[in-house]
Amino acid sequence: MAQPENWMQGESPASDTCAPPLRDDQQRAQRTCRPGGARSAKRMRSAHLNSSALRDCVLDDVVPPLLRSFGHKAGQAKATDNDFDTETVREFTHAILDPDESVSQRMLDEIRAEGATAEELYLGLFSDTARLLGYYWENDRSPFTEVTLALWRLHRLVREISPEFRRDARAGGGSTGQRALLTTAPGEQHSFGLLLVSEWFGRAGWTILPGPFDTDRDIGRAVAAESVAIVGFSMGSETHLDRLAISIATVRRKSRNPGIGIMVGGSLFNARPELVARVGADVTARDATEALALAQRFAVSRQWAPM
């Protein structure tokens, strides 16, 4: 598997333009007044998580709209007690960044004890935590070593929960007989979202060809050796767009299946769907569930049905 997202830069010092951090008792009172605040306060006390004035200022003013911009589809808000608000996401992000791994494990155990399912963790808490770590990288909030370790921990948590996640669907049948190749583009390091997509496809009975692939030649050999219905590429930034276009052209040229479908995903394509045509792909999906739904329809009809 590819190394976790290499989000690197140093952490900026606290800014004197932000209000000074609240005292512990003020923070607890403020959290308790928010929806889900008592539960958040309990987690915060158990994790002993401290933030700089700059981090608190940024997270209060910037992170909520950031997470909303990459959130669930309009009108698809969850109506359960396990909805993860931005307070919970940032607390868990701080916990996953903590040098003491038991901090994040304790918080996750509490969340799961409150009834959160594996699917809710995958699509909610883990995905939003990965996005927030990406924000830290893009804005020089956390150093390379901390963020890389945090992403490695997220990968490990997904792997630990995977048997339970897949077991939920086993009663419905086994393999679909369909194959998908899911990979990052050559040179791309953003692999966490791809891991979640692989979990959804695997649970639905798809056979996943292992990646990532170092070169276009390797990708070409893989799709020439076996008949693959779908190839999915994960892209995290615009840097490798031209290289992705070359990879997609290679897949179409080398594929044993002349009607192979090409899907791309990642926050870049969510924000700029016009790039799908630029790289020569067929479609993009906003999250793992949509990616699977599109692939299932394509496998049956050989057409990309709109969602």
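Q: Two strands pair if DSSP finds at least two bridges between them; what makes β3 and β4 a pair by this rule?
A: In this predicted model, five bridges join strand β3 (residues 230-234) to β4. The rule asks for at least two bridges, so β3 and β4 count as paired. The two strands run parallel, and one of the bridges sets F233 against its partner V264 in β4.

Q: How do you know that β1 pairs with β2?
A: Three bridges join β1 to strand β2 (residues 207-209). Since at least two are required, these strands are paired, and they run parallel.

Q: What makes β1 and β3 a pair?
A: Five bridges join β1 to β3, and the two run parallel. The requirement is at least two bridges, so this is a pair as well. Here A180 stands opposite I230 in β3.

Q: Why is strand β4 described as mostly covered?
A: Five of the five residues of β4 (residues 261-265) are buried, where buried means under 20% relative accessible area. G261, M263 and G265 point one way from the strand, I262 and V264 point the other way, and all are buried.

Q: How do you know that strand β1 is mostly covered?
A: In β1 (residues 179-184), five of the six residues are buried.

Q: Why is V228 called buried?
A: The relative accessible area of V228 is 1%. The limit for a buried residue is under 20%, so V228 is buried. This residue is found in the loop between α10 and β3. The C-alpha atoms of V228 and T207 are separated by 9.4 Å, and the two residues are 21 apart along the chain.

Q: What makes the contact of R112 and E164 a salt bridge?
A: The N to O distance between their side chains is 2.6 Å. A salt bridge needs a side-chain nitrogen of Lys or Arg within 4 Å of a carboxyl oxygen of Asp or Glu, so the contact qualifies. R112 lies in helix α6 (residues 101-113) and E164 in helix α8 (residues 144-167), so the pair ties together parts that are 52 residues apart in sequence.

Q: Why is R112 called partly exposed?
A: R112 has 27% relative accessibility. Partly exposed residues fall between the buried limit, under 20%, and the exposed limit, over 50%; R112 therefore belongs to that class. E164, with a relative accessible area of 26%, is partly exposed too.

Q: How do you know that R203 and E119 form a salt bridge?
A: Their side chains meet at 3.4 Å, N to O, and the limit is within 4 Å. The pair links distant parts of the chain, with R203 in helix α9 (residues 192-203) and E119 in helix α7 (residues 118-138), 84 residues apart.

Q: What makes R252 and D282 a salt bridge?
A: The closest N and O atoms of R252 and D282 are 3.0 Å apart, which meets the condition of within 4 Å. R252 lies in helix α11 and D282 in the loop between α13 (275-279) and β5 (283-285), so parts 30 residues apart in sequence are tied together. R252 is partly exposed at 36%, and D282 is partly exposed at 33%.

Q: How do you know that K254 is partly exposed?
A: Its relative accessible area is 44%. That value lies between the limits of 20% and 50%, so K254 is partly exposed.

Key. Residues are numbered from 1 along each chain as its sequence is written. This is a predicted model: local features need pLDDT of at least 70, side-chain atom pairs count only at pLDDT 80 or more; totals for chains, interfaces and linings use all residues. Side-chain values use heavy atoms; hydrogens and water are left out. Buried means under 20% relative accessible area, exposed over 50%, partly exposed in between (1.4 Å probe, protein chains only). Helices (H or I, at least four residues) and strands (E, at least two) are DSSP runs, numbered from the N terminus.
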